[in-house]
Amino acid sequence: MVAITGASSGIGEATARELAARGAAVVLGARREDRLERLAADLRAAGGRVAHRPTDVTRREDLTALVDLAVGEFGRLDVLVGNAGISTISPVADLDVEGWSQMIDVNVRGVLHGIAAALPVFRAQRRGHLVTTVSTAGLKISPTMAVYAGTKNAVRTILEGLRQESTEGWLRTTSISPGYVRTELAASITDPALRTRIEQNTASLALDPAAVARAIAFAIEQPQDVEIGDITIRPSAQD
Ligand code: NDP
């Protein structure tokens, strides 16, 4: 039973499709309910077990409700994929304080809200797995990506700290670091020239989101005593 945030498009949607095809029940969260409804209908038509609810990860109560839905519908929560994210990137000198705040709220606070909702359930079950989508932007720091990379590395650090605190064997944590992936992520970039550049890079070399979904499935499907801490997955042609 896997709950996924940011399931309405891109990597989250591909992950829902991949895991449902492998037999997992999935609970889908994102703000665009129409998208979730369409995806849920697709998955059900293929025999999948699925529930969904509108979820804004910046609201703690929405994550609590998403986890409650998973437990209510399917009796447990095995994995939370904290995947929702935005990339309102720009050079730091542009002082896009609003964009920085939005990234901190969604990319960092949103993941923390997921942890706060899922951890009590995992502890009660003595079993659980937190997967988050961070980024190669946090491994090779590029101009315009400083704050975005900072939010992703904050999450990487939080998960590693939680791992260090959780060595009794019932909690697993995994950070997935994708490079360029063909999704709608660039839509949140407000600078038109920068958005065009990122969209061109995406068009020329990006991975299909299904590739990231398969990496997430690989981490989840390991036996409980095997924790895949980090996966970096980028196009072979990415520098
Ligand atoms: P998309 O824009 O296609 O997907 C982003 C998802 O996040 C959407 O489902 C969106 O749903 C959701 N989302 C955004 N804000 C919120 C919010 N406040 N509450 C709930 N959901 C929200 O992009 P990707 O699939 O690429 O992004 C998924 C993750 O992968 C992100 O964390 C991104 O940073 C990361 N990533 C992406 C890379 C890429 O090249 N594409 C590379 C490395 C990492 P909705 O708008 O319906 O709420």
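Predicted model: local features only at pLDDT ≥ 70, side-chain atom pairs only at ≥ 80, totals over all residues.
## The ligand and its shell

I11 takes part through its backbone, with an N or O atom 2.8 Å from a ligand oxygen. Y148 uses its side chain, where a polar atom lies 2.6 Å from an oxygen of the ligand. T183 also places a polar side-chain atom 2.6 Å from a ligand oxygen. On its own, the ligand has 890 Å² of accessible area, and the protein covers 94% of that.

## Helix α6

Helix α6 runs through residues 192-205, 14 residues in total. From first C-alpha to last, α6 reaches 20 Å. That is close to the 20 Å expected at 1.5 Å a residue. D191 caps the N-terminal end of α6. A side-chain oxygen of D191 lies 2.9 Å from the backbone nitrogen of A193.

Which residues of α6 are buried? They are L194, I198 and T202. Seen down the axis of α6, these buried residues fall within an arc of 75°, so they line one face of the helix. The face turned away from that buried side carries exposed residues: P192, A193, Q200, A203 and S204.

R197 also has its place in α6. Is R197 buried or partly exposed? Its relative accessible area is 41%, so R197 counts as partly exposed. R197 and A186 are 11 residues apart in sequence. In space, the C-alpha atoms of R197 and A186 are 9.6 Å apart.

## Positive phi in two loops

R126 has a positive phi of about 60°, although R126 is not a glycine. R126 sits in the loop between α4, residues 97-125, and β5, residues 128-133. With a relative accessible area of 47%, R126 is partly exposed.

T144 is another residue other than glycine with a positive phi, here near 80°. Where is the place of T144? T144 is in the loop between β5 and α5. T144 counts as buried because its relative accessibility is 15%, and buried means under 20%.

How values were computed: Residues numbered from 1 in each chain as written. Heavy atoms only, no water. Helix = DSSP H or I, 4+ residues; strand = E, 2+ residues; numbered from the N terminus. Expected span 1.5 Å × (residues − 1). Buried < 20%, exposed > 50% of the residue type's maximum accessible area, 1.4 Å probe, protein only. Arc of directions from axis to C-beta. Polar contact = N/O pair within 3.5 Å; in protein donor to acceptor, adjacent residues only side chain to side chain. Areas by Shrake-Rupley, 256 points an atom, 1.4 Å probe, with all protein chains shown as cover.
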